[in-house]
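Student: I would like to go through some of the labels used for this model and ask what each one rests on.

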Amino acid sequence: MSAQNEPLLSVRGVETYYGNIVALRGVDMDVHRGEIVTMIGANGAGKSTLMMTICGDPRARNGQIVYDGIDITMMPTHDIVSLGIAQSPEGRRIFPRMTVMENLQMGAALVDPKYFDEDIAKVFKLFPRLKERISQRGGTLSGGEQQMLAIARALMSRPKLLLLDEPSLGLAPLIVKQIFDAIRELNEKEGLTVFLVEQNAFHALKLAHRGYVMVNGNVTMSGTGAELLKKEEVRAAYLEGGRH
Amino acid sequence: MATNGSNRAVAAPQNDPNSFAASVKDAATAGFLVAVLGFFFIGIRTDIAPGGLDLKMRWGAWIVSILVVFVGRLLLNLFVLKTDSPITRKIAGAMPSGSRFAGTGKWLMRALFAFALVLPFFFTTFFPGKDRQFIDLAILIMTYIMLGWGLNIVVGLAGLLDLGYVAFYAVGAYSFALLAQYLDMGFWFALPLAGILAACWGIVLGFPVLRLRGDYLAIVTLAFGEIIRVVLLNWYEFTNGPDGISGIPKPTFFGLELKRGEGGFADFFGIAYDPIQRFIFLYYIIFILALITNFVTMRLRRLPIGRAWEALREDEIACRSLGINTRNTKLTAFSIGAMFGGFAGSFFATRQGFISPESFTFLESAIILAIVVLGGLGSQVGVVIASIVMIGGIEMLRNLGFLQQVFGSGFDPVQYRMLIFGLAMVLIMVWKPRGLISTREPSVVLKEKKRIGADMVAQGEGH
Amino acid sequence: MDAATTMKNSDQSTPGWDRDPVLSVEHLTMRFGGLVAVGDLSFNVGRGDITALIGPNGAGKTTVFNCVTGFYKPTEGRIVMRHGPGRQQDDVETLTDSGQRWKTTGNGAVYLLERMPDHEISHKAKVARTFQNIRLFGGMTVLENLLVAQHNPLMVASGFSIGGILGLPSYKKAQKEAVDRAVYWLERTHLIDRADDPAADLPYGAQRRLEIARAMCTKPQLLCLDEPAAGLNPRESAELNELLKYIRDEHDVSVLLIEHDMGVVMEISDHVIVLDYGVKISDGPADFVKNDPKVIAAYLGVDDEAEIDMPEVREDIEKVAGDGPAKKKPTARSKAAPAAKKTAAKAKPSSKASTAKTSTARSTATKASSAKASSAASTAAKPKTAARTAAKPKPAPAASEVKIANAGDYPGSQPHGTKKPRAGGANNLTRVKGIGPASEKKLNALGVWHFDQIAAWKKAEVQWVGSYLAFPGRIEREEWVKQARVLAKGGETEFSKRVDKGEVASSVPGKRGAQPKKKTTGKGGKA
């Protein structure tokens, strides 16, 4: 096994294309154990693409992604996930015809069943709303509830590294706070490493230990969350118009 | 540092999965699997012997098959599956991109059109001995092109998977045959009627399937196709059942029949009669019918109704939010597609002179659908290429005599015709999963025409 | 008289949206099986207004949208769309009785949307909508998307395709006009350079704009937007605000939107309606709704930093608690205080007047702070809230030294409180996760100063305080009692450690007041 001081996830010079269109132009990034790292940037900057590339779809055309000492650049997605990476993808890709419970069971598919009750209690405590809707089909949930379900499903796989793509999208301010609190709590209590892609830069940077700013497929800035929050460029580009 | 959440044991690979050793190991596993599975299927052969069965071991064949799989898997691993730079990626990079193909597609289309225009004379001039056979094949291909274009409206544009398209073909054929038999109508008079009747049946089919989506839509259309065929088969008094209808009149050239002797086409123009003239005439009829189909489809695509079809394929709910009556839009797609099927059907009837329900089985629907899918949903040129490849290909595979030189005289290529054809189809679909021409051309352009890649275009219901 | 009305039309007795509604939703109920998604909901959307529909996730906002735009048939209720000014009430009633779907009137036309299929609602009643998960025609170009939106007029112009196939010039002219309209909206939405690109190729923000442009191409009178700002960054949100204002002002289109981004809602909305569990809990101008305690409890949340830390509230508390131990404020906050004094002084008489005479000075402070659970920008809102609070003066349970006038209005029982903290001063209650400075003041006003007081709460007390602070359920969820037990023993929670490190903006770092003897060098229990 790799040494503890090595980053859990290290992305080196990753370039990703859609057809002939460049989405990522050589991205370097590290996520250390026990860290919350956020990637902020405008729409279309390539944040979500980076997250998808980490999961192997689309594949990086150049560069290397190393997770826990293993090169996962060319690994099939299901193998990557079995290494302990869970993703809550953009656009709430829940299973619409399965009930909330079944969705959560799918999330726990790779985990020892003995943890199931404990884990499900945990996510229900986090999202009491889901418990109310336990036997409703995923597709009939409201948009925000689907978002909660997507995050809960990712948590059910007991990930070592949790990838969250815009978790605050479409959620009420109170719920956004709850989710961010929950992420912080999971991180502090259980040492969960989190990589977060967010549009909601203010909250994300407040939550994260470190942040990166992506512009046009390049990482242009990095630093601790507090540092980035103070930077004039960041404030101008992502925080003006007030926080939410 | 609290790490109690991450103490779960993870099955991490111990070493580099892309190493040569891993590749060999993987290939060995594959070989072992073949050894086990193939032992009974390949390794043992039973012969009838006096007093029972005789077991004969075929060690050679068994070992060869294991080796083939082992080496094949190893090569795949080394060059594609377990390597940092798969060879497929290099090939993909070297392949012409969609846009470049589109540029050549335009010229290809013009060349094909020019060739189609002079095709009969090309064959009579250069292949005088086989001209009849070739022109007949060209007529067949052209019929399928027309059917493909018709189905393309329903499947390619509106995105409604229709597995019973042959029903409209049958309605068209039987309409003409019955109109000729009972009312003594000629081809040119019956042709529009057949089209209208088929369009009506299109609406009849359209109504019950309006609310259906996906697989259910496909199954109901499939059932509809079968119902039409079974009715034709069993309504003996009217349709003559399995005996079919014969003596269907031939088309006339402005009242002139293409026959030998007095009053015929050749006699009127003062040229020598040749049976090939009738084939050439039939070819031009289907050629013009197909051109009309293409012209109308291309025009419709640029009209609001055509855009509504495509919008329906992309997102039905958004369509409704924009005030599009999706029911009517689907029905027009079904009826216009059916109408062209009906035209093609009456042409089929007049060409054959005899029709029976045998000609309208599900296999026909499947072939037409395969043409549309292989060509690329929504692509007119794609349908042409796919028709030539599929219909022409099946016919060409009849002439596989040369394979006997390779595999010995015991080899009957005709038996393997469908196998080879099926393999070819699979390979094409692996190579081009969205059909030969998968890009979409926008129907209206502001400044610069850009073709749209297949990954953007939705496939509609039932795909 | 409803306080809300004073905002827009101070001279009128009813707000603009009630006098001239473009859309009226009346007693709308939507059930899915046993689940009541929307229950007996009524509201009006004013002509020429931007109306926001907000509420927690799953409150039924999108269901209301789907009912209005015909994607769901409501179980009960009437939805009236009006073209032309005024309520046209007689025509609406005649139409309702007639069984027809719409009726042209002297002023324009009225439509009963619950009777119309979805495509007619867009085509005839002129209601356009966008979707929460963007629904564009991804494989079609941006321009094509906008032409599909003009399907119905183009269909007529093409002679239902027959004239179009024959290539008649009238269709070409109509198509050119349609392209011109599309170009107009593309320019408004800054998409003109992408006109020939497939819609799926656009970045997220541009897709949102395109969806609005597409809806506008149907020439609507009412534009319904489902979370138009979701996933937009602040700059894009600001652009969206401008676009929506432009649509309202220049095209006389009324806008109804669902939105979670309060920056958008509060800045552009003329009228805000708040739903929770399918029921309307607040309705009025943005400023009124923003300060409605019910909305704060159900939706906005209380404890966020500046939002709630109102200087004038602190003023009140400080004055009242003058006999108590002087609390040290961070300097930044003290600076803000003088500026707020005026507001506080102005606010005072109203809250005092409504307070029962028997109340102690401290309970006055309680009143003021609860009435102004957040900003006091809307003075109109105050009398109402205060009046409600003081409506039923009841003697407080004898248990507590602090008497709350209407303690009996809340379920459970009031916790024991002391007028003054014990010697050594009060604990820093913000070290409990869930208690911010504002809540701390309110608790102090209740006579709750120490961790051990909270630690002693039973279920009844927890329920009472939760209801009193207007966030029921939250105390259990955040385990205040459990945290307080740890802290009372001198332990540390994860949260209190962060507070002390200064990482929590909503809490005041530092241990104050009487610390338990056992100092915090030992391992603290985890909350």
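Student: Where in chain C does C:Glu227 lie?

Tutor: This is a predicted model. In it, C:Glu227 lies in the loop between strand E8 (222–226) and helix H10 (234–251) of chain C. The residue has a positive phi of about 50°, although it is not a glycine.

Student: What makes A:Asn216 count as buried or exposed?

Tutor: The cut-off for exposed is over 50%. A:Asn216 has 53% relative accessibility and therefore counts as exposed. A:Asn216 is found in the loop between strands E9 (210–215) and E10 (218–224) of chain A. Its phi is positive, about 55°, and it is not a glycine.

Student: Why is the pair C:Asp118 and B:Arg320 called a salt bridge?

Tutor: A salt bridge needs a side-chain nitrogen of Lys or Arg within 4 Å of a carboxyl oxygen of Asp or Glu. The closest N and O atoms of C:Asp118 and B:Arg320 are 2.4 Å apart, so the pair is a salt bridge. The count between chain B and chain C is two salt bridges.

Student: Which elements of chain B give two or more residues to the side that touches chain C?

Tutor: They are helix H11 (276–301), helix H12 (304–314) and helix H13 (316–321). The largest share, seven residues, comes from H12(B).

Student: How many residues are in contact between chain B and chain C?

Tutor: 35 residues of chain B are in contact with 42 residues of chain C. The two chains bury about 3400 Å² between them, 64% of it on carbon and sulfur atoms.

Methods
Residues numbered from 1 in each chain as written. Chains lettered and ligands numbered in written order. Predicted model: local features only at pLDDT ≥ 70, side-chain atom pairs only at ≥ 80, totals over all residues. Heavy atoms only, no water. Helix = DSSP H or I, 4+ residues; strand = E, 2+ residues; numbered from the N terminus. Buried < 20%, exposed > 50% of the residue type's maximum accessible area, 1.4 Å probe, protein only. Contact = heavy atoms within 4.5 Å. Buried area = accessible area lost by both parts, 1.4 Å probe.
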